[in-house]
Amino acid sequence: MIALFLHNDAVSDLRDLKIIQPEAAARILALLQELKGNPDLLDRLTQHGYGSRNCSDFNVSKWLAHWKRGRDLWRLKVWDLEDKGLRYRIIYAFVPQKKHHYILAIAPREFNYDTNHPISRRIIRAYEEL
């Protein structure tokens with residue numbers, strides 16, 4: 001059965017975000033709860049390019065640099081937060097054999113997906129532990 005889980009790192013990210021940007025934390029938490037309860041939306045999490053602005057609440061994209069290395073990593077962008085200038089990304093992994101999504105990080109966009117950035121390194125460590 002398709003399912004969504006939060007890695008402890010993502011729980012910590014949400015806790016920290018709640019302090020510095022409570023509006024973004026609340027919106028992200030609401031979206032994660034909505035995803036958990038909706039198999040159709042969970043299925044969208046593996047549809048590269050899903051969710052154009054004004055047609056969906058979020059946009060999905062593969063983290064291509066890691067896909068090329070065989071890592072099933074994705075990012076989710078929340079449109080209403082983007083519209084408010086709150087640029088956060090939900091980074092997650094998909095394990096196809098189990099049909100499980102694992103939220104690994106909730107990161108400010110500024111980490112820029114740089115593979116040497118501490119957030120990226122933390123995500124890779126968490127991914128490798130799945």
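Me: Which residues does I28 touch, not counting residues up to four places away in sequence?
Reply: I28 touches L14, L17, L81, Y88, I90 and I106, where contact means heavy atoms within 4.5 Å. This is a predicted model, in which local features need pLDDT of at least 70, side-chain atom pairs count only at pLDDT 80 or more, and totals for chains, interfaces and linings use all residues. Residues are numbered from 1 along each chain as its sequence is written, and side-chain values use heavy atoms, with hydrogens and water left out.

Me: How many residues does the largest nonpolar core have?
Reply: That core has 26 residues, and I28 is one of those with the most contacts inside it. A nonpolar core is a set of buried Ala, Val, Leu, Ile, Met, Phe, Trp, Tyr and Cys residues joined through side-chain atoms within 4.5 Å. Buried means under 20% relative accessible area, exposed over 50%, partly exposed in between (1.4 Å probe, protein chains only).

Me: What about W67 and W74, how do their rings sit?
Reply: Their planes are at 90 degrees and the ring centres 5.5 Å apart, so the pair is edge-to-face. Rings of Phe, Tyr and Trp (its six-membered ring) pair if their centres lie within 6.5 Å; planes under 30 degrees apart count as stacked, over 60 as edge-to-face and the rest as tilted.

Me: Is W74 buried or exposed?
Reply: W74 is buried, at 2% relative accessible area. W67 counts as partly exposed, at 30% relative accessibility.

Me: Which residues do ring pairs link into a cluster?
Reply: W63, F111 and Y113.
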